Amino acid sequence: HRCESIYSVDPRTATGGQRVGLLWASPSCTHFSRARGGTPVSRQLRGLGWMIVRWAGQTRPRVILCENVPEWVTWGPVRRGQPQKSRAGAYFRQMVAMLQAMGYVVEWRVLNAAEYDTPTTRKRLFLVARCDGEPVVWPVPTNGPKAAKPFRTAAECIDWTDLGRSIFDRKKPLAPAT
């Protein structure tokens with residue numbers, strides 16, 4: 001782990017010139033996520049996906065895994081602080097094309113954590129790029145209507161014997177806006 005900007009790290013120096021088996025990349029999702037609530041404006045944060053291409057070009061990992069929000073496929077140029085809707089997805093497609101031009105087989109899917117024995121419906125985009133001749137293999141869902149087991153619930157993870165203390169029994173009362 002390095003505590004520095006990815007933009008200042010030299011991939012060849014960081015890896016010591018050794019072969020890279022796996023590159024795991026999770027570019028910032030802040031400027032793509034629906035949950036953000038505001039308009040994406042940071043070109044630097046939105047441009048972190050280009051670091052995948054940089055590292056692939058300089059270290060040639062056998063496998064690249066990338067996780068992000070599903071909206072990352074809309075990655076495109078920003079103009080005057082706003083994403084250009086007419087060019088939505090242009091940078092994502094360009095990044096994929098660049099990886100393919102380097103000899104990578106690239107696939108992506110949106111997976112729901114609830115379908116893989118996790119008690120949450122967290123959906124994420126996963127991109128896999130391989131240049132080792134092996135196929136991209138996606139996991140088979142273990143939970144859900146078409147799977148062997150039902151979805152799990154958050155309730156099964158809660159210790160219902162420990163209900164904690166009520167916030168209304170505090171020495172200092174809650175503020176009116178609470």
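Rings of Phe, Tyr and Trp (for Trp, its six-membered ring) form an aromatic pair if their centres lie within 6.5 Å; a pair is stacked if the planes are under 30 degrees apart, edge-to-face if they are over 60 degrees apart, and tilted for the rest. The structure above holds six aromatic pairs. In one of them, the ring centres of Trp72 and Trp75 are 5.7 Å apart and the planes meet at 10°, so this pair is stacked. This is a predicted model, in which local features need pLDDT of at least 70 and side-chain atom pairs count only at pLDDT 80 or more, while totals for chains, interfaces and linings use all residues. Residues are numbered from 1 along each chain as its sequence is written, and side-chain values use heavy atoms, with hydrogens and water left out.

**The overall plan**

- Starting at the N terminus, the order of elements is α-β-α-α-β-β-β-α-β-β.
- Of the 178 residues in the protein chain, 32% are buried; buried means under 20% relative accessible area, exposed means over 50%, and partly exposed is in between (1.4 Å probe, protein chains only).
- Take the contacts (heavy atoms within 4.5 Å) between residues at least 6 apart in sequence: 65% of them join residues at least 24 apart.

**The aromatic residues**

- Trp72 and Trp75 are both buried, with Trp75 at 1% relative accessibility.
- Trp75 also pairs with Tyr91, and this pair is edge-to-face, with 5.8 Å from centre to centre and 80° between the planes.
- Trp75 sits in the loop between strand 2 (63–68) and strand 3 (78–79), while Tyr91 belongs to helix 4 (residues 90–101), so their pair ties together parts that are 16 residues apart in sequence.
- Tyr91 is partly exposed, at a relative accessible area of 24%.
- One aromatic cluster is formed by Trp50, Trp72, Trp75, Tyr91, Phe92 and Trp108.

**The nonpolar core**

- In soluble globular proteins, nonpolar side chains tend to be buried together.
- A nonpolar core is a set of buried Ala, Val, Leu, Ile, Met, Phe, Trp, Tyr and Cys residues joined through side-chain atoms within 4.5 Å.
- The largest nonpolar core here has 20 residues, and those with the most contacts inside it are Ile52, Ile64, Trp72, Phe92, Met95, Leu99 and Leu127.
- Strand 1 (22–25), helix 3, strand 2, helix 4 and strand 6 each give two or more residues to this core.
- Leaving aside neighbours within four places in sequence, Phe92 is in contact with Trp72, Val73, Trp75, Trp108, Leu125 and Leu127.

**Helix 3 and Arg60**

- Helix 3 has Met51, Ile52, Val53, Trp55, Ala56 and Thr59 as its buried residues, and these pack against helix 1 (11–14), strand 1, strand 2 and helix 4.
- Arg60 lies in the loop between helix 3 (50–59) and strand 2, and is partly exposed at 37% relative accessible area.
- Most residues other than glycine have a negative phi.
- Just after helix 3, Arg60 takes a positive phi of about 45°.
- Arg60 lies over the face of Tyr104, at 5.3 Å from the ring centre; a charge sits over a ring if NZ of Lys or CZ of Arg is within 6 Å of the ring centre and within 35 degrees of the ring normal.

- Glu67 is in strand 2, and its side chain makes a polar contact with the side chain of Ser26 (3.3 Å).
- A polar contact is a pair of N or O atoms within 3.5 Å; within protein, one must be able to donate a hydrogen and the other to accept it, and residues adjacent in sequence count only if both atoms are side-chain atoms.
- Asn112 lies in strand 5 and is buried, at 12% relative accessibility.
- Not counting residues up to four places away in sequence, Asn112 touches Thr120, Thr121, Arg122 and Lys123.
- Asp117 is in the loop between strand 5 (105–112) and strand 6 (123–130), has a positive phi of about 65° although it is not a glycine, and is partly exposed at 30% relative accessibility.

How values were computed. Helices (H or I, at least four residues) and strands (E, at least two) are DSSP runs, numbered from the N terminus.
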